Amino acid sequence: MSVPHPHTLRRLLVQLDGDALDRAIGAFLTARATPAGPGLRAIAVDGKALRGSRTHVTGHVTLLAAMDHTGHVLAQRQVADKSSIP
């Protein structure tokens with residue numbers, strides 16, 4: 001089996017509903033998650049501009065994500081550029 005060309009993957013991903021894909025992946029990961037143990041849990045928050053998301057009409061897409069220190073993404077939202085408010 002050969003690996004799809006990057007342009008083929010890009011054409012596929014552009015046609016997907018990003019919010020629906022995010023919900024589906026989130027539900028899958030939530031179903032696989034193990035419950036947190038007792039005590040405090042550290043959470044990291046970070047924002048990222050998605051590379052390649054800028055078009056001639058819009059600026060790049062910026063996401064704000066919260067993640068625990070076991071690597072589980074707790075939440076992710078698209079935010080205004082250079083903002084921490086969804």
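Analyst: A salt bridge is a side-chain nitrogen of Lys or Arg within 4 Å of a carboxyl oxygen of Asp or Glu. The model is predicted, and a search of the whole structure finds two such salt bridges.

User: What makes aspartate 46 and lysine 48 a salt bridge?

Analyst: Their side chains meet with N and O 3.3 Å apart. The cut-off is within 4 Å, for a nitrogen of Lys or Arg and a carboxyl oxygen of Asp or Glu. The pair of aspartate 46 and lysine 48 is therefore called a salt bridge.

User: How do you know whether lysine 48 is buried or exposed?

Analyst: Lysine 48 has a relative accessibility of 51%. Exposed means over 50%, so lysine 48 counts as exposed. Its partner in the salt bridge is aspartate 46. Aspartate 46 has a relative accessible area of 43%; because the value falls between 20% and 50%, aspartate 46 is called partly exposed.

User: Which residue forms a salt bridge with aspartate 68, and how far apart are the closest N and O atoms?

Analyst: Aspartate 68 pairs with arginine 41, and the closest N and O atoms are 4.0 Å apart. This pair links distant parts of the chain, 27 residues apart. Aspartate 68 belongs to strand S2 (residues 62-68), while arginine 41 is in the loop between helix H2 (18-32) and strand S1 (43-49).

User: Why is aspartate 68 called buried?

Analyst: The relative accessible area of aspartate 68 is 8%. Buried means under 20%, so the term applies to aspartate 68. Arginine 41, by contrast, is partly exposed at 46%.

User: With which residues is aspartate 68 in contact, leaving aside its neighbours within four places in sequence?

Analyst: They are Arg41, Ala42, Ile43 and Leu74. Each is called a contact because heavy atoms lie within 4.5 Å.

User: What makes S1 and S2 a pair of strands?

Analyst: Two strands pair if there are at least two bridges between them. Seven bridges join S1 to S2, so the two count as paired. S1 and S2 run antiparallel, and glycine 47 stands opposite leucine 64 in S2.

User: How do you know that S2 also pairs with S3?

Analyst: Six bridges join S2 to strand S3 (residues 73-79), and the two run antiparallel. At least two are required, so S2 and S3 are paired as well. Leucine 63, for example, has glutamine 78 in S3 as its bridge partner. S2 and S3 form a hairpin with four residues between them, and glycine 71 in the turn has a positive phi of about 100°.

User: Which residues make the nonpolar surface patch?

Analyst: Leu9, Leu12, Leu13, Leu16, Leu21, Ile25, Phe28 and Leu29 make a patch of about 720 Å². Helices H1 (6-15) and H2 each give two or more residues, and H2 gives the most, with four.

User: Is glycine 26 buried, partly exposed or exposed, and where is it found?

Analyst: Glycine 26 is found in helix H2. At 29% relative accessibility, the residue lies between 20% and 50% and therefore counts as partly exposed. The C-alpha atoms of glycine 26 and leucine 74 are separated by 8.5 Å, though these residues are 48 residues apart along the chain.

Technical notes: Residues are numbered from 1 along each chain as its sequence is written. This is a predicted model: local features need pLDDT of at least 70, side-chain atom pairs count only at pLDDT 80 or more; totals for chains, interfaces and linings use all residues. Side-chain values use heavy atoms; hydrogens and water are left out. Buried means under 20% relative accessible area, exposed over 50%, partly exposed in between (1.4 Å probe, protein chains only). Patches are made of residues with over 30% relative accessible area and no salt bridge: like charges are joined within 9 Å, nonpolar side chains (Val, Leu, Ile, Met, Phe, Trp, Tyr) within 5 Å. Accessible areas come from the Shrake-Rupley method with a 1.4 Å probe; for residues, only the protein chains shown count as cover.
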